[in-house]
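Thank you all for making time this morning.

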Amino acid sequence: MAKRYRYAFAKRREEPRGKLCLGLFIVSVVLLLAAVIVSFALNGNGGVVCGGLCLFSMMLSVYGFFQGLKSFSNEKYSHTYSVIGSIANGILMVLWVGIYLAGI
């Protein structure tokens with residue numbers, strides 16, 4: 001009879017910065033949606049409120065992207081949340097650049 005090998009892989013924990021990265025993406029999207037809702041509710045006269053929400057959302061997106069990139073340096077953790085958060089924050093940053101350039 002052939003010898004059977006049984007492999008067991010230890011489950012690695014998620015990187016804490018990856019969780020932070022994904023959390024910042026979620027907060028950033030919520031702020032973006034809040035700014036859009038406020039703008040519609042005030043018929044486009046949101047001004048400072050919408051600008052503040054959008055600026056804070058953009059800064060959270062940039063910070064989340066860099067935290068996601070920094071989380072890849074630690075190899076003893078799993079990077080699932082880091083990959084998802086970094087890609088999502090990168091897409092959101094490109095969206096913010098597009099919104100900014102469309103306004104100019």
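This is a predicted model: local features need pLDDT of at least 70, side-chain atom pairs count only at pLDDT 80 or more; totals for chains, interfaces and linings use all residues.

V62 lies in helix α2, residues 48–70, and here helices are DSSP runs of H or I with at least four residues, strands are runs of E with at least two, and both are numbered from the N terminus. V62 and S86 are 24 residues apart in sequence, while their C-alpha atoms are 9.7 Å apart in space.

Residues are numbered from 1 along each chain as its sequence is written, and side-chain values use heavy atoms, with hydrogens and water left out.

Stepping back to the whole protein, we have three helices and zero strands, in the order α-α-α along the sequence. The radius of gyration is 19 Å, well over the 13 Å that the globule rule gives for 104 residues, so the protein is more spread out than a compact globule; the radius is taken over C-alpha atoms, and the rule is 2.2 Å times the number of residues to the power 0.38. Along its principal axes the C-alpha trace spans about 80 × 25 × 20 Å. Buried residues make up 30% of the 104 residues.

Of contacts with a separation of 6 or more, 79% are accounted for by residues 24 or more positions apart. Helix α1 has 26 residues and reaches 37 Å from its first C-alpha to its last, close to the 38 Å expected, the expected span being 1.5 Å times one less than the number of residues.

Between α1 (16–41) and α2 there is a loop that holds N43, which is exposed at a relative accessible area of 66%. N43 has a positive phi of about 55° although it is not a glycine. As a reminder, most residues other than glycine have a negative phi.

Helix α2 has buried residues too, among them C50, L60, G64 and F65, and what covers the buried residues of α2 includes α1 and α3 (80–103). The 23 residues of α2 should span 33 Å, and its end C-alpha atoms are 33 Å apart, which agrees.

What about ring pairs and cysteines? There is one aromatic pair, formed by F65 and F66, edge-to-face at 5.8 Å centre to centre with 65° between the planes; rings of Phe, Tyr and Trp (its six-membered ring) pair if their centres lie within 6.5 Å, and planes under 30 degrees apart count as stacked, over 60 as edge-to-face and the rest as tilted. F66 is partly exposed at 47%.

Finally, the disulfide count is zero, a disulfide being a pair of cysteine sulfur atoms within 2.5 Å. The sulfur of C54 is 6.2 Å from the closest cysteine sulfur, in C50, which is too far for a bond.

Key
Buried means under 20% relative accessible area, exposed over 50%, partly exposed in between (1.4 Å probe, protein chains only). Contact means heavy atoms within 4.5 Å.
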